[in-house]
Amino acid sequence: MSSTAAPRSTEGAGSRTQGQHIAEGAMGRDYGRHSGVQHHANDYGIPVLRRALEAVPLPETGAPFRAADLGAASGSNSLDPMRVVVEGVRARAGADTAVTVVHTDILANDFDALLATIMDSPGSYAREPGVFAYAEARSFYEPLFPAGELHLAWSAIAVHWLSRVPEPIPDHIFSSRARGEVREALKAQSRADWEAFLGHRARELRPGGQLVVVGGAASDDGDSGADGLMDAAVEVLRELVRQGLIGEDEFARMTIPTWNRTAGEFLAPFREGSGEGREGGLGDVLRVEEHEQVVLPDVLLERYRESGNREAYADQVTAFFLAAFQPSLFSALGEERDVGVVAEALAEGMRTRVASDPEAVETHWHVLPMRVTRL
């Protein structure tokens, strides 16, 4: 809960400042192996994707069906939905229908890992005859395709990443713990990013085109379901400050550049206001067909409760956290820091803390699958 500035998945991110080793929001190299939580969230989006494929107008005879996978990260969570796209299109239009898929993410993404996953995974959709897979290194908060290019766009666990962080969160790393002016600034950035994302897709989708988003969400009080895990990480980072492994100034800059939207925040742009390049509000060009907020089970904690193996649980939680969020946090480190030493200390601290109190980091991420039609 990505993908990976702009992160994912990896979408969002700000410009890299002096002393930053990795662009904010980029996923770690192990993201594909430790993104089971994100993959589970996909399960709630696949039925919505199938309904989008039933509704989308098909291309003219002989023309390819054009789809986009926005915020692809390592590609591990793109294989299933893109296979659904290929099968859904060909069930309606014929087995010989050409399908193109463009996987997008920010420049800092590991495109070697993405392309290896897409092209080399056994049973990958991209191995089917007449299917053409591409990659594009650009944030989905920017234009990605010519006007009217796409029949369908899919984005899963990506749009909660921000294009930039207005200012760091005092004494914390996670937006749900922000208060006052900082919280309002993060909320405003999230709204601007979401409107930009939707505005670009409105131009890029054909009339009748479908947009399916599985968005990282929050309850009406702003709870994303991950506060316990983030609080644990903050305590570990504070211990690293006490040990002199990171500086106070580095810790103060550490921010995970995300904002999990409430259902109201997801739907607001369709109901009010206007955006760049639009005469009216987004509701004039995009229609929300369905949406439903879901609270995910904590699959890692469930396994621990069955097995009783604290060490295995601590390893799994730590691996998930580091793969998704370490690059964002370490972008705040100075050039003089030995990143390997800090990474080892952070991992060991997380494992120790999680193993000492497994229930304290119980995590129930909120997601909101939604389907939108381009009018």
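Visitor: At what angle do helix α9 and helix α10 pack?
Guide: In this predicted model, helix α9 (residues 310–330) packs on helix α10 (residues 339–356) at an angle of about 140 degrees, and their axes are 8 Å apart. That angle makes α9 oblique to α10, because the class of roughly antiparallel is kept for angles over 145 degrees.

Visitor: And the hand of the crossing of α9 and α10?
Guide: The crossing of α9 and α10 is right-handed.

Visitor: Which residues of α9 meet α10?
Guide: From α9 the residues are R310, Y313, A314, D315, V317, T318, F321, L322, Q326 and F330. They meet V339, V342, A343, L346, A347, M350, R351, V354, A355 and S356 in α10.

Visitor: How many of the residues in the contact of α9 with α10 are nonpolar, polar and charged?
Guide: The contact of α9 with α10 divides into 14 nonpolar, three polar and three charged residues.

Visitor: What about α5 and α10, at what angle do they cross?
Guide: Helix α5 (residues 227–242) and α10 cross at roughly 130 degrees, and their axes come within 9 Å. With that angle α5 is oblique to α10. The crossing in which α5 passes α10 is right-handed.

Visitor: Which residues make the contact there?
Guide: On the α5 side they are L229, A232, A233, E235, V236, L237 and L240. The α10 side supplies V342, A345, L346, G349, M350 and R353. By class, the contact of α5 with α10 has ten nonpolar, one polar and two charged residues.

Visitor: Changing topic: how many aromatic pairs are there?
Guide: The count comes to nine aromatic pairs. One of them joins W161 and F325, with 6.2 Å centre to centre and 40 degrees between the planes, and this pair is tilted.

Visitor: Where in the chain do W161 and F325 lie?
Guide: The pair links distant parts of the chain, 164 residues apart. W161 lies in the loop between β4 (150–156) and α4 (180–204), while F325 is in helix α9.

Visitor: Are W161 and F325 buried or exposed?
Guide: W161 is buried, with a relative accessible area of 0%. F325 is buried too, at 1%.

Visitor: Why is the pair of F320 and F325 edge-to-face?
Guide: The ring centres of F320 and F325 are 6.2 Å apart and their planes stand at 90 degrees, so the pair is edge-to-face. The cut-off for that class is over 60 degrees. Both F320 and F325 are buried.

Visitor: Which residues form one aromatic cluster?
Guide: F140, Y141, W194, F197 and F266 form one.

Visitor: Now F65. Where is its place, and is it buried or exposed?
Guide: F65 is in strand β1 (residues 65–70). F65 is buried, because its relative accessible area is 0%.

Visitor: What is F65 in contact with?
Guide: Leaving aside neighbours within four places in sequence, F65 is in contact with L53, V56, P59, V85, V89, A98, V99, T100, H151 and L152. F65 and T100 are 35 residues apart in sequence, and their C-alpha atoms are 6.2 Å apart in space.

Visitor: Last one, P369: where is its place, and what does it touch?
Guide: P369 sits in strand β8 (residues 366–374) and is buried, with a relative accessible area of 5%. Not counting residues up to four places away in sequence, P369 touches Y44, G45, V48, V213, V214, E290, H291, E292 and V294. The C-alpha atoms of P369 and G216 are separated by 8.9 Å, and these two residues are 153 residues apart along the chain.

Key:
Residues numbered from 1 in each chain as written. Predicted model: local features only at pLDDT ≥ 70, side-chain atom pairs only at ≥ 80, totals over all residues. Heavy atoms only, no water. Axes fitted to C-alpha atoms, helices over the stretch in contact; angles between N-to-C directions. Helix = DSSP H or I, 4+ residues; strand = E, 2+ residues; numbered from the N terminus. Parallel < 35°, antiparallel > 145°, perpendicular 65-115°, else oblique. Left-handed = near helix turned anticlockwise from the far one by under 90°. Contact = heavy atoms within 4.5 Å. Nonpolar A, V, L, I, M, F, W, Y, C, P; charged D, E, K, R; others polar. Phe/Tyr/Trp six-rings, centres within 6.5 Å; stacked < 30°, edge-to-face > 60°. Buried < 20%, exposed > 50% of the residue type's maximum accessible area, 1.4 Å probe, protein only.
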